Amino acid sequence: MSAEPTSTAREGARTGAPEGADVGLGLGSARVGKAEVIRQRLEDLIAPMSPGEPLPAERDLAAELGVARMTLRRAVEALVADHRLIRRPGAGTFVAPARVDQQLSATSFSTDMRSRGMTPGAHTVWAREQPAGMMLGSVLGIEPTATLVHVRRVRTADGEPMALEDLHVPGDLVPGLTGADLEDSSFYQLLESRYGLTITAATQTIEPHLTTAEESEQLATDPGSLAFLFERTSRVADGRVTEFVRSVYRGDRYRILVDIFPTSTGERR
């Protein structure tokens, strides 16, 4: 008694494809075209979904799209690499939250998040007073033996960790400042309202970074995750250095946006 051929085998017999091959995509043997179509269909599937919403089980999704599970897996991995999807071991694959465009400016984190319709937050991990030391003293323009306030905070947007911030401020500029003062608060707003100081200029550097185990724990990412390392030195109107901030921003939630303008009306290439 012969077995009834599977639907995939019957389709393969009609198209000449071996059993187990992807069918129903109308692409013949063009693997590149097939990959693009699968990716587009996945993007169409997740477009109306909310961040954090899970994808259907791999077996069900492969059947729905009419592709082999290995083919689907490669397409999903490509979208994970592009930060459109995120994998959570033991839980599944989920729609990734949208990245935040970080425009290079002197605005505070809180102002930046509110401008995007997000609720900024800050959790103080710890705060302490310490001698500045040679390096930080040089950056802040104070003696190595002078006291500075060092506050570590996790900055959040809509409750999700976005950055780990280490704030260093000369102690004589912010007498009485505590970590509790900066819990869910903007340092720039506090600086202006309590101490009468307004940031007027800043110098900032950005470089790629891989998160350490300690940073990853605070940012809810895996150790060695891609990140942006921001270092900013800010000044007030009289030229005094008011802060040195070292911030590690999650690479899966941020991208850098820069407006570029010509600097000369001379010859252009």
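**Reading helices and cores in a predicted model**

Student: Which residues of helix 6 are buried?

Tutor: A residue counts as buried when its relative accessible area is under 20%. In helix 6, which spans residues 133–140, Leu136, Gly137 and Leu140 are buried. Viewed down the helix axis, these buried residues fall within an arc of 105°, so they line one face of helix 6.

Student: What does the face turned away from the buried side carry?

Tutor: That face of helix 6 carries Met134, Met135 and Ser138, which are exposed. The buried residues, for their part, pack against strand 4 (120–131), strand 5, strand 6 and strand 9 (241–250).

Student: How should I read the angle at which helix 3 and helix 4 cross?

Tutor: Crossing angles of 65 to 115 degrees count as roughly perpendicular. The axes of helix 3 (residues 58–65) and helix 4 (residues 69–81) cross at roughly 100° and come within 9 Å. The two helices are therefore roughly perpendicular to each other. Helix 3 brings Glu58, Arg59, Leu61, Ala62 and Leu65 to the contact, while helix 4 brings Arg69, Leu72 and Arg73. Sorted by class, this contact has four nonpolar and four charged residues, with no polar ones.

Student: How many residues does the largest nonpolar core have, and which elements supply it?

Tutor: A nonpolar core joins buried nonpolar residues through their side-chain atoms. The largest one here has 17 residues, and Leu167, Val174, Leu177, Leu182, Phe187 and Leu191 have the most contacts inside it. Strand 5 (147–157), strand 6 (160–170) and helix 7 (187–195) each supply at least two of its residues, and helix 7 gives the most, with five.

Student: Which residues does Leu177 touch?

Tutor: Leaving aside residues up to four places away in sequence, Leu177 touches Val149, Leu182, Phe187, Leu190, Arg194 and Tyr195. There is also a second, separate core of 15 residues, which includes Ile38, Ala62, Leu65 and Val95.

Student: Is Ile38 buried or exposed, and where is it found?

Tutor: Ile38 is found in helix 2 (residues 31–46). Its relative accessibility is 2%, so Ile38 counts as buried. Sequence separation and spatial distance should be read side by side: Ile38 and Leu65 are 27 residues apart in sequence, and their C-alpha atoms are 7.8 Å apart in space.

Definitions and conventions:
Residues are numbered from 1 along each chain as its sequence is written. This is a predicted model: local features need pLDDT of at least 70, side-chain atom pairs count only at pLDDT 80 or more; totals for chains, interfaces and linings use all residues. Side-chain values use heavy atoms; hydrogens and water are left out. Axes are lines fitted to C-alpha atoms, for helices over the stretch in contact, and angles run from 0 to 180 degrees between N-to-C directions. Helices (H or I, at least four residues) and strands (E, at least two) are DSSP runs, numbered from the N terminus. Angles under 35 degrees count as roughly parallel, over 145 as roughly antiparallel, 65 to 115 as roughly perpendicular and the rest as oblique. Contact means heavy atoms within 4.5 Å. Ala, Val, Leu, Ile, Met, Phe, Trp, Tyr, Cys and Pro count as nonpolar, Asp, Glu, Lys and Arg as charged, and the others, Gly among them, as polar. A nonpolar core is a set of buried Ala, Val, Leu, Ile, Met, Phe, Trp, Tyr and Cys residues joined through side-chain atoms within 4.5 Å. Buried means under 20% relative accessible area, exposed over 50%, partly exposed in between (1.4 Å probe, protein chains only). The arc is that of the directions from the helix axis to the C-beta atoms.
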